[in-house]
Amino acid sequence: MARRTRLYEGKAKILYEGPEPGTLIQYFKDDATAFNAEKKAELKGKGVLNNRISEHVFTALEGIGIPTHFIRSLNMREQLVRAVEIIPIEVVVRNVAAGSMCKRLGLEEGTPLPRSIVEYYYKSDELGDPMVTEEHITAFGWAYLDEMDEIVASSLRINDFLLGLFAGVGIKLVDFKLEFGRFYVDDDMRIILADEISPDNCRLWDIKTGEKLDKDRFRRDLGGEIEAYQEVARRLGVLPSAD
Ligand code: C5P
């Protein structure tokens, strides 16, 4: 394969220049990190599983009219995506109390929330992704108010749809993180969903047993990470055949 220009390397993915202007290649690594990269490991096969799971979820979201950066899968670890100007905000949607919300508010993990809650975090490794409000986001010019309205509406729609998609395969969608970007076509700008949706950035619990099928297995040293990710892929009908 021709030498490609690496544009960005993150904790779990690499972005290369795409074959046509306005496109990128998103490569899924096996690297796992937690606690702002204080904890690191290689989980063999994770990239292949996240590529498949994310492709499945993004395709389903396109099917209900949510614009995303996903164009098509290229191979076991790579997707062709639209190049976007990333909005430096992580949008977290929660249905059940878990993770940082439990710590912050003293809630017991697993407490159902009265309604779905949307939170924002400013993407900054140096600052450890601090939680921010819409006031910070608009005051500092990270996004405009009308963009935030669109992002919240889209995030809640995605949540409604994914709650059903995962419930259909016996999985409770506890919470997840989304990233959005600006996509320019001529003079037109659209907000589209970017990044990935996989067990790396969702909390997914087996509905019957409560077993964790996501990155908390790694964060909390529970083991069985790959088996859990494989189980999610298997239930969604996208488990790759053994090499
Ligand atoms: O840690 P916290 O409880 O705030 O995480 C909420 C959700 O957002 C979890 O599903 C987690 O996997 C995801 N997340 C993420 N990337 C981050 C922070 C959180 O994918 N930097």
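1. Helix α4 covers residues 145-167, 23 residues in all, and at 1.5 Å a residue it should span 33 Å; its end C-alpha atoms are 33 Å apart, so the two agree. The expected span here is 1.5 Å times one less than the number of residues. Helices (H or I, at least four residues) and strands (E, at least two) are DSSP runs, numbered from the N terminus.

2. Before going on, two notes on what we are looking at. This is a predicted model, in which local features need pLDDT of at least 70 and side-chain atom pairs count only at pLDDT 80 or more, while totals for chains, interfaces and linings use all residues. Residue numbers start from 1 along each chain as its sequence is written.

3. Back to α4: Met 148, Ile 151, Ser 155, Ile 158, Leu 162 and Phe 166 are buried there. Buried is 20 or more other C-beta atoms within 10 Å of a residue's own, exposed is 12 or fewer, and partly exposed is in between, with C-beta atoms placed from the backbone. An α-helix has 3.6 residues a turn, so residues three or four places apart point the same way.

4. Now the open sheet: five strands in the order β1-β2-β3-β7-β6, with antiparallel pairing. Its edge strands, β1 (6-9) and β6 (70-73), each pair on one side only. Neighbouring strands are turned by 25 degrees against each other on average, direction ignored. Pairing takes at least two DSSP bridges between two strands; angles run from 0 to 180 degrees between N-to-C directions, with axes as lines fitted to C-alpha atoms, for helices over the stretch in contact.

5. Helix α1 (residues 46-63) packs on this sheet, where it touches β3 (23-28), β6 and β7 (78-82), and its direction makes about 130 degrees with that of β6. Contact means C-beta atoms, placed from the backbone, within 7 Å.

6. At the β1 end, β1 and β2 make a hairpin with three residues between them. Three bridges join β1 to β2 (residues 13-17), and the two run antiparallel. Tyr 8 has Leu 15 as its bridge partner in β2, and Glu 9 has Ile 14.

7. Two glutamates are worth a click. Glu 55 sits in α1 and is partly exposed, because 19 other C-beta atoms lie within 10 Å. Leaving out residues up to four places away in sequence, Glu 55 touches Phe 70, Ser 73 and Gln 79. Glu 78 is in β7 and, with the same exclusion, touches Ile 25, Gln 26 and Tyr 27. Glu 78 counts as partly exposed too, because it has 17 C-beta neighbours inside 10 Å.

8. On the ligand: 14 residues surround it, the closest being Gly 99, Ser 100, Lys 177, Asn 201 and Arg 203. Near, for this shell, is a C-beta atom, placed from the backbone, within 6 Å of the molecule or strand. Two or more shell residues come from each of β9 (89-96), α2 (99-105), β12 (171-185) and β14 (202-206). By class the shell has five nonpolar, three polar and six charged residues, where Ala, Val, Leu, Ile, Met, Phe, Trp, Tyr, Cys and Pro count as nonpolar, Asp, Glu, Lys and Arg as charged, and the others, Gly among them, as polar.

9. Last, two backbone angles to check. Ala 37, in the loop between β4 (31-34) and β5 (39-42), has a positive phi near 70 degrees. Asp 195, in the loop between β13 (188-194) and β14, has a positive phi of about 65 degrees. Most residues other than glycine have a negative phi. Ala 37 is exposed, with 10 other C-beta atoms within 10 Å, whereas Asp 195 counts as buried, with 24 C-beta neighbours inside 10 Å.
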